[in-house]
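Here is a walk through one protein chain, taken a step at a time. Keep the model in view as you read.

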Amino acid sequence: TSVTIGGVDGDSVTNVQATPRTIIIDLRINSGVDVEEAKRHILKVVKLKQRGALKWTQNGRPLTISGIVETVELPRWTNAAVMQITLYCAQPFWEDVDEVVQQLNEAINLHYFTDSPADMLYFTEEGAPLGEYDTIRVKSFHNSGDVSAGLEITIVAHDTVTNPIIYNQDGAFFGVGYETNPFVMQTGDAVVITTHKGRKTVKYNEVAIFDKIKPNSTWLQLEAGDNQFAINSDDESVSNMAFSMKYKQRYI
């Protein structure tokens, strides 16, 4: 949408959004099959106003799109008819069938086996660590889809975590807790932030905590192309939490 401003040439864009998608599927009746029998068989699976998902594999990549059956049409009096199913997709993008899970500040495994004597893992008298925390709190991600994607962000506390916050490369952030309304997690606690259109939530151990959202927070998205996210909290520790991001890439 756009608005016209008096005395200014052109107009000003206020909002850009993708419109819903309509998918039309044509089904041809095989020779020798009764048209009424074919229609009854299809209608056992596909019903008017039914919600479902259409799956499609292209170049080895399985994709899916959700929608509702808007129409099911088939002339009744000729075997030369084409049955037409119309699927209305309010969310217009195809998505990966499987979700991508990325981990921030995860544990790095230092224990390994090798066939090379020169690369043996030796245990000194002082001992050797079998793992350590990745303390680099800025991570890069690449969204190979065509558009931005919503995220399911999970914070799991390994120790006390005060006012956790995540930033993207543009400085936008989503924080839980702030100076005048602090939020503290203990070991084993989990916060899940969901930024998908139509189902944005933030939960602490499965309980909604919208009142703890830091002012000016943004429901962060994974933009098409390269992204960077950084995590932080008010604590001095660099290993007090694990941070994961789950999403499905979207395609036109």
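The paragraphs below go from the whole chain to its sheets, its helix, its loops and its ring pairs.

Start with the whole. The model is predicted. The chain has 252 residues, and 33% of them count as buried. Its secondary structure comes to 1 helix and 22 strands. Contacts also say something about the fold. Take those in the chain with a separation of 6 or more: 69% of them join residues 24 or more positions apart. The accessible surface is about 15700 Å². Carbon and sulfur atoms hold 51% of that surface.

Now turn to the strands. Strands of a sheet pair through backbone hydrogen bonds, and the pairing is either parallel or antiparallel. Look for an open sheet of 4 strands. Its order is β11-β20-β14-β15, and the pairing is antiparallel. Which strands stand at the edges? They are β11, residues 138–143, and β15, residues 173–175. Each has a single partner strand, so one side of each is left without a neighbour in the sheet. From one strand to the next, the twist averages 20°.

Go to one end of that order. There β14, residues 165–168, pairs with β15 in the antiparallel sense. The two share 3 bridges.

Another strand to follow is β12, residues 152–157. It pairs with β17, residues 190–194, over 5 bridges. This pairing is antiparallel. Ile 155 has Val 191 in β17 as its bridge partner. β12 also pairs with β21, residues 241–247, again in the antiparallel sense. Here the bridges number 6. On this side, Glu 152 has Lys 246 in β21 as its bridge partner.

His 196 sits in the loop between β17 and β18, the latter at residues 201–204. Is His 196 buried or exposed? Its relative accessibility is 11%, so His 196 counts as buried, the cut-off for buried being under 20%. What does His 196 touch, beyond its neighbours within four places in sequence? The contacts are Gly 150, Leu 151 and Glu 152. Glu 152 is the residue whose bridge partner in β21 is Lys 246.

Next comes the helix. α1 covers residues 35–43, and Val 35, Ala 38 and Lys 39 are buried in it. Seen down the axis of α1, the buried residues fall within an arc of 100°, so they line one face of the helix. What do they pack against? The buried residues of α1 pack against β6, residues 82–89. The other side of α1 looks outward in part: Arg 40 and His 41 are exposed there.

Now find the rings. A pair of aromatic rings is described by the distance of the centres and the angle of the planes. The whole structure holds 5 aromatic pairs. One of them joins Phe 141 and Phe 229. Their centres are 5.9 Å apart, with 65° between the planes, and the pair is edge-to-face. Phe 141 lies in β11 and Phe 229 in β20, so the pair ties together parts that are 88 residues apart in sequence. Both Phe 141 and Phe 229 are buried.

Phe 183 and Tyr 204 form another pair. The ring centres are 4.9 Å apart and the planes stand at 85°, so this pair is edge-to-face. It links distant parts of the chain, 21 residues apart. Phe 183 is in the loop between β15 and β16, the latter at residues 184–185, while Tyr 204 is in β18. Phe 183 counts as buried, at 5% relative accessibility. Tyr 204, at 21%, counts as partly exposed.

Ile 209 lies in the loop between β19, residues 207–208, and β20, residues 225–232. Ile 209 is buried, with a relative accessible area of 9%. Leaving aside neighbours within four places in sequence, Ile 209 contacts Val 176, Phe 183, Val 202, Lys 203 and Tyr 204. Val 176 is 33 residues away along the chain, yet its C-alpha atom is 8.6 Å from that of Ile 209.

Key
Residues are numbered from 1 along each chain as its sequence is written. This is a predicted model: local features need pLDDT of at least 70, side-chain atom pairs count only at pLDDT 80 or more; totals for chains, interfaces and linings use all residues. Side-chain values use heavy atoms; hydrogens and water are left out. Buried means under 20% relative accessible area, exposed over 50%, partly exposed in between (1.4 Å probe, protein chains only). Contact means heavy atoms within 4.5 Å. Accessible areas come from the Shrake-Rupley method with a 1.4 Å probe; for residues, only the protein chains shown count as cover. Two strands pair if DSSP finds at least two bridges between them. Axes are lines fitted to C-alpha atoms, for helices over the stretch in contact, and angles run from 0 to 180 degrees between N-to-C directions. The arc is that of the directions from the helix axis to the C-beta atoms. Rings of Phe, Tyr and Trp (its six-membered ring) pair if their centres lie within 6.5 Å; planes under 30 degrees apart count as stacked, over 60 as edge-to-face and the rest as tilted.
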